Amino acid sequence: MTKRIFSSFLIVVLTVLLASFTIILGVLYNHSASLQRSQLLIELDLAASGVTAGGEHYLSTLSPDGYRLTWIAADGTVQFDSSQDADDMENHAEREEIQEAFATGYGESARFSSTLTEQTLYFARKLTDGTVLRISVDRDTALTLLLEMVPSLIVILLGALLLSGMLSYLVSRKIVAPLNAIDLDKPLEGDAYDELAPLLNHIAKQQRKILSQRQELDRQKDEFFTVIANMNEGLVLLSAQMKILSINPAAGTFFSTDPECVGRDFYTIERSRDMDRALQATIDTGSHELHMNRNGREYQLNISRIHADAESGGFVILIFDISDKYYAEQSRREFTANVSHELKTPLQSIMGSAELLENGLVKGEDVPQFVRRIRTEAARLLSLIEDTIHLSQLDEQSELTLEPIELYALVCKETELLASAAQTRNVTLTTSGKPVTITAAEPLLHEIVYNLCDNAIKYNHSDGTVTVTVSETDTHAILTVADTGIGIPQAHQPRVFERFYRVDRSRSKETGGTGLGLSIVKHAVQYLGGTITLESKPDQGTVVTVLLPKQH
Ligand code: ADP
């Protein structure tokens, strides 16, 4: 801006300067010319009077200064010249001013030198005797004057340059200062030029619009990030060049990385061959599904290609934790296989014994033993089917009626049912504690107490004891079943709650166990919102503790 102001100033100053200079030069030149002309005419008139009176003698007495006198006869011959020998001079009859003087009594003309830097003015007057007296003078032309003035002109121009430079600096500073003072973030504040008001108003309006659009964008972005940050599913956005554009915390946990990885290559956080193949398949087909196991959990990854132009396209990876469904399906498959197997064994035994009896291959005295085996195996089958039904009922989580139940009374009732079994095995079964009322479903409490006490009797030594205790805390009822039996080796303890898991298959079979008792107990405890823990030492005994909330 300062530059522009400076050049404008310079142009104005120079134009004004040159124009004034030309005008002044012209006026002065004309004025001096007319002054010179009148003086010369006076001189000419004086000389004419002198020549008329004194002839050539008069002329020879004159010593003209700055001008030249020439006396020309009527035939054009030069009779006298003040600066040259008249005899050497050519006939002047053809000269313009001479001709004019002969014709009209007065003539004048001007002729330029060959360099155009000088001009000779001629004034001629016809005398009474028919001769002509001419006065001439050399004078500089306007061009010569101009050339003479060039040095001073340069000085004046440099002065003008300096002046315009200073002026433009000061003026531009003054003009620019209010413009520089405009705060474009607050264009309406400040004291700028009135002429800028429409522009500043427009800027302010645009700024308000941009601000509201930016706030809306920020709001939408925050909303988006809040949603993806709180999603249980993992979400990763990749660019077409496989750079990580966004990754939410769930995906960060899956890939064991942090948000710092944004902007890095995806292969720096996941370099498995499965993922590589899945991404390649996604490039080829547009989408791909992949299953992965991480930290004991099963995940499903849906990879999709985002269709956009080559620059903004990319990939979306959605990660679902499908462990519950996956393991439920797996355990259902295992359960079906186990049930079939468990049913097959007693059925084969029953079929075998029945066939032998049918074909009369059993001796008379052995018949009761075969019949007993058939009955025992059939009883096993029945209890297996009953347990399976109980488990599937619990699996379905069908709504059971919850009601206040006094736990200690229920324990006493259940132990009474098991008294004869305990007696048969020579195990002392005792109960202790106090009445504790909880909100529960009686069938579930029956499964819990019965199965725990049954196990404590079954896996006990002869002369062993089983102690069932009921106590309470402020919030929970505590049921403890302690025995002095064979115990469970440490390695088996975490698995005894699994379906069909038995520490010693033959012993369990002998005692009519199905391997489902403890898994039914665990299921029932969980249904009632409680917890179950087991402590056991081989050959010393086992203590199972169940905590059940008083209010469900
Ligand atoms: P089962 O019908 O075979 O008794 P459970 O699910 O009730 O099946 O128990 C699983 C296994 O845990 C049993 O086979 C047994 O080996 C072991 N077990 C359970 N309770 C006891 C206990 N009180 N003492 C020793 N072993 C036990």
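This is a predicted model: local features need pLDDT of at least 70, side-chain atom pairs count only at pLDDT 80 or more; totals for chains, interfaces and linings use all residues.
Domain bounds here come from an automatic or database domain assignment, and on that basis the chain is divided into domain 1 (2-146), domain 2 (182-227), domain 3 (231-320), domain 4 (327-395) and domain 5 (403-549). Residues are numbered from 1 along each chain as its sequence is written, and side-chain values use heavy atoms, with hydrogens and water left out.

Let me start with domain 4 and domain 5, whose centres, taken over C-alpha atoms, are separated by 25 Å. Their contact, meaning heavy atoms within 4.5 Å, takes 14 residues from domain 4 and 15 residues from domain 5. The area buried between them, that is, the accessible area (1.4 Å probe) that two parts lose on being put together, summed over both, is about 1,400 Å², and carbon and sulfur atoms give 62% of this. On the domain 4 side, Arg380, Leu391 and Leu394 supply 41% of the area buried against domain 5, more than any other three residues. How many salt bridges are counted between domain 4 and domain 5? The count is one, where a salt bridge is a side-chain nitrogen of Lys or Arg within 4 Å of a carboxyl oxygen of Asp or Glu. Arginine 502 forms a salt bridge with glutamate 342, and the closest N and O atoms of that pair are 2.4 Å apart.

Next, glutamine 493, which lies in the loop between β15 (476-483) and α12 (505-510); helices (H or I, at least four residues) and strands (E, at least two) are DSSP runs, numbered from the N terminus. Is glutamine 493 buried or exposed? Glutamine 493 counts as buried because its relative accessible area is 11%, given that buried means under 20%, exposed over 50%, and partly exposed in between (1.4 Å probe, protein chains only). Leaving aside neighbours within four places in sequence, glutamine 493 is in contact with Ile488, Leu534 and Ser536.

By contrast in topic, glutamate 189 sits in the loop between α3 and α4 (197-230), and this residue is exposed because its relative accessible area is 54%. Glutamate 189 and arginine 214 are 25 residues apart in sequence, and their C-alpha atoms are 22 Å apart in space.
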